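Me: I would like to learn how to read a model like this one. Please take one feature at a time, with the general idea first and the case after it.

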Amino acid sequence: MYLEKWKDTSFGTDYGNDFLEFIEEINSSPITMLDIYQQCDLKKYFDQPDLILQRRDNNVYLGNPGFDLFVHYEDAVISLSAVIVESELCGEADLTEAYGNETVSFQVSKQELETIKSSLHFIYNNPDKFVLFEMCAADEKDEVLNHLSEMLDQLQVCIDKK
C-alpha cells in the first residue's frame, strides 16, 4: 500500500536498494530494531545525532559476511521508515511491491518509532545537509520531500496507535 507509492523514494537509489536487500537478509520474524542494530551501525547516529552535522556523506555500515557495504544515512532512514510504516499499519511489509523479494514484519516500540520519526524529520527539514538531495533535480527533490512528509504523518499514526 505505502511501499508501492514510496518505492522510488525509499529504494530507487543504489543505497536504498542495498538497504532493502539488507532488511531481506535478516533472518528474524518479526524483525526488531535490535536485529537491525546488531547487523549495522545505524544506532550510533540515533544515539549521537550530532554526528550527522559533522559531514555531508554519513555512511551506515551494513554487516555482510561476503564484503563490507556502506549506505548513506539518509537512504537507510528513509528505507527503514517506509518498511516500518507498512509493517505497522498493514501487519506486514510486502517488499515485492517495492523492488524486493520478501514479505517482512517488524516489531517496534513507541520509543523506537519516535527515534525513527525524529531522524526522518531532521532529514526532511535539512535536505541541504544530505548527499541524496544533491543528486535530485528540483522536481525530484519536491517529490522526495512530499513522500517524506507523508512518511512522517504515517509514523505519527503508528506512534499514536502504541
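Me: Does Glu 88 count as buried or exposed?

Reply: Burial is read from relative accessible area: under 20% is buried, over 50% is exposed, and anything in between is partly exposed (1.4 Å probe, protein chains only). Glu 88 has a relative accessibility of 18%, so it counts as buried. Before going on, note that this is a predicted model, in which local features need pLDDT of at least 70 and side-chain atom pairs count only at pLDDT 80 or more, while totals for chains, interfaces and linings use all residues. Residues are numbered from 1 along each chain as its sequence is written, and side-chain values use heavy atoms, with hydrogens and water left out.

Me: Where does Glu 88 sit, and which residues is Glu 88 in contact with?

Reply: Helices (H or I, at least four residues) and strands (E, at least two) are DSSP runs, numbered from the N terminus. Glu 88 lies in helix α5. Contact means heavy atoms within 4.5 Å. With neighbours within four places in sequence left aside, Glu 88 is in contact with Phe 106, Val 108, Leu 113, Cys 158, Lys 161 and Lys 162.

Me: What can be said of Leu 80 in the same way?

Reply: Leu 80 is placed in helix α5. Its relative accessibility is 1%, so Leu 80 is buried. Residues up to four places away in sequence are again not counted, and Leu 80 then touches Phe 19, Met 33, Ile 36, Leu 42, Phe 106 and Ile 116.

Me: At what angle do the axes of α5 and α6 cross?

Reply: Axes are lines fitted to C-alpha atoms, for helices over the stretch in contact, and the angle between N-to-C directions runs from 0 to 180 degrees. Helix α5 (residues 73–90) and helix α6 (residues 110–125) have axes that come within 10 Å and cross at roughly 135°. That makes α5 oblique to α6; under 35 degrees is roughly parallel, over 145 roughly antiparallel, 65 to 115 roughly perpendicular, and the rest oblique.

Me: Which residues of α5 and α6 meet?

Reply: From α5 there are Tyr 73, Glu 74, Val 77, Ile 78, Leu 80, Ser 81, Ile 84 and Glu 88, and from α6 Leu 113, Ile 116, Ser 119, Leu 120 and Ile 123. By class, this contact of α5 with α6 has 9 nonpolar, 2 polar and 2 charged residues. Here Ala, Val, Leu, Ile, Met, Phe, Trp, Tyr, Cys and Pro count as nonpolar, Asp, Glu, Lys and Arg as charged, and the others, Gly among them, as polar.

Me: How do the axes of α1 and α5 cross?

Reply: The axes of helix α1 (residues 2–11) and α5 come within 9 Å, and they cross at roughly 170°. That makes α1 roughly antiparallel to α5. The contact of α1 with α5 divides into 10 nonpolar, 3 polar and 1 charged. Among the residues that meet are Leu 3 and Trp 6 in α1, and Val 83 and Leu 89 in α5.

Me: How many salt bridges does the structure hold?

Reply: Side chains of opposite charge can pair when their charged atoms come close. A salt bridge is a side-chain nitrogen of Lys or Arg within 4 Å of a carboxyl oxygen of Asp or Glu. The structure holds 5 salt bridges. One of them joins Asp 47 and Lys 43, with the closest N and O atoms 2.8 Å apart. These two residues are 4 residues apart in helix α4 (residues 42–47), so about one helical turn separates them. Another links Asp 41 to Lys 44 at 3.3 Å between the closest N and O atoms. Asp 41 is partly exposed at 21%, and Lys 44 is partly exposed at 33%. Arg 55 and Asp 57 also form a salt bridge, the closest N and O atoms being 3.0 Å apart.

Me: Which residues does a cis peptide bond join?

Reply: Omega is the angle to read, and it is about 0° at the cis bond between Ser 29 and Pro 30. Pro 30 is in the loop between α2 (14–24) and β1 (31–32).

Me: What is the phi of Tyr 99?

Reply: Tyr 99 has a positive phi of about 75°, although it is not a glycine. Tyr 99 lies in the loop between β4 (93–94) and β5 (103–104), and at 44% relative accessibility it counts as partly exposed.
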